[in-house]
Amino acid sequence: MTIPLRLTLNGQPREIDLDDPRVTLLDLLRERLGLTGAKKGCDRGQCGACTVLVDGRRINSCLTLAASLDGAEILTIEGLAEGDRLHPVQAAFIAHDGFQCGFCTPGQIMSAVGLIREGHAGTDPERIREGMSGNLCRCGAYAGILDAVQDAAARAEHREDAA
Amino acid sequence: MRHFDYIRPASVPEAVAAGQVPGTAYLAAGTNLVDLMKGGVATPERIVDITRLPGLSAIERLPDGGTRVGALVRNSDLAYDPAFAKTYPMVAEALLAGASAQLRNAATAGGNLMQRTRCQYFTDAVSPCNKRAPGSGCAALGHATRIHAVQGWSEHCIATHPSDFCVPLAALDAVVETAGPDGTREIPLTAFHRLPGDHPERETDLRPGELITALRLPPEAASFRGRARYLKVRDRTSYAFAVVSAAAALTFKADGRIAQARLALGGLALKPWRVAEAEAALAGQAPSPEAYAKAADAALAGAKPTGEANAFKIELARRVAIRALNQAAAGTPARIPALPASPFGIV
């Protein structure tokens, strides 16, 4: 029995026939659709390396059964930049050295994009740390990550003011 | 993960009909269930996916002044709903103290009630565990039990319920609405989770195949909006389960004495721990550290550690209860949470 799925993936409509209901969104992205940006860290919802946006909200793709997402809009790290122009959060991570080995970075960046969209943390460092607590970085690049998110959040607020 | 059949019903009656087959589990966000399935702790043969069911995602203010929260309302949507957070601030505070932002964006109100204990001997899928494998024994007793119960445990199971959300819900007399093959039913939240007794495998009052459709807060719950707090103490500042927590809410009379008090404690037992004597001890009293201490003592009456490792939780819970009452008396902060996560530095 296959499970038909219609998804919008990084802006593109996709139709997928899922042959196994056990497939998580993370495994669908990485193993079947060739999008290896979202990383499999713990695969148990503890590290945040698999963070993507579903219907505009950041979630752990490793704990989400793909079968339950019929009709959803999914944004992964691969869909963030516009051509060669980096998303402001990506640019901020580079500017502030928000990584070392890079393994957690796609999850950190997607989580930061979600955090800024949610709009509850602003540029308050304590609220950013709390809002990013679902993303672990074993290299300990937290200081740079915080600076990057603060900077990107400030720029997003500035853009809103200008608009 | 063990193979399962996947069913996606289109309505609540269809879901309930599909849920009657033994070996079936309902899937909402799956933030706990999928994790347990990956670990071989939960092994359902059939999954009934309720994530897209219509009519279960609304937050409704009721004509009587109460509020109904659909079972599929996401934790973050509930916590950040301005009217809900203003009316039930300690519920919002508890929601935002739980898990991570990613998990709160997915996890549902109904699913929160159904989450399983984080007892390591339950989740490792191999240790003797009367909850996971009835009759196999309890590996936790006599071993590392820092997170285990000090109230309501039995020789068959010493696990605790991990929810933050359920603690203020218990204090506010929330009601669980369900749909089953015999129609709808209402269960007081305080009677929803069962203490282990001789049957730790029976975790809730739900009947086979019964589905949670909503939670309801009664009209009186709103009267505590001005003086209500949830205080969570944990091993790190964010993204950790409570070692001990307290939901405390007060109303005052015109003369400054306490009219009504609500107090429920988390991290102590397999359900939120609410003691009528503790609340009665506060009614009519002038607010004072001594009055709060008497209430805390009543809430902890009969507490017993399962070993040396968790004996500290009794005194910690007493202090957390007193502090939460003190914070509640000082008034609900304008912003919830007042600080991102740490209980230190708040009134």
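## Domains, a buried helix and a chain contact

In chain A, the C-alpha centres of domain 1 and domain 2 lie 22 Å apart. The model is predicted: local features need pLDDT of at least 70, side-chain atom pairs count only at pLDDT 80 or more, and totals for chains, interfaces and linings use all residues. Residues are numbered from 1 along each chain as its sequence is written, while chains are lettered from A and ligands numbered from 1 in the order in which they are written.

Domain 1 of chain A covers 3–79 and domain 2 covers 88–162; such bounds come from an automatic or database domain assignment. Their contact takes 15 residues from domain 1 of chain A and 13 residues from domain 2 of chain A, where contact requires C-beta atoms, placed from the backbone, within 7 Å. On the side of domain 1, β3 and β4 of chain A are the elements that give two or more residues, and the largest share, three residues, comes from β3(A). Helices (H or I, at least four residues) and strands (E, at least two) are DSSP runs, numbered from the N terminus.

Helix α3 of chain A comprises residues 105–118; at 1.5 Å a residue its 14 residues should span 20 Å, and its end C-alpha atoms are 20 Å apart, which agrees. The expected span is 1.5 Å times one less than the number of residues. Because 12 of its 14 residues are buried, α3(A) is largely enclosed by the rest of the structure. A residue is buried if 20 or more other C-beta atoms, placed from the backbone, lie within 10 Å of its own. The cover over these buried residues includes α2, α4 and α5 of chain A as well as α6 (101–106) of chain B. Just after α3(A), A:Gly119 takes a positive phi of about 75°.

Chain B also touches chain A: the contact takes 25 residues from chain B and 27 residues from chain A. On the chain B side, α6(B) gives the largest share, five residues.

Note on methods
Two residues are in contact if their C-beta atoms, placed from the backbone, lie within 7 Å.
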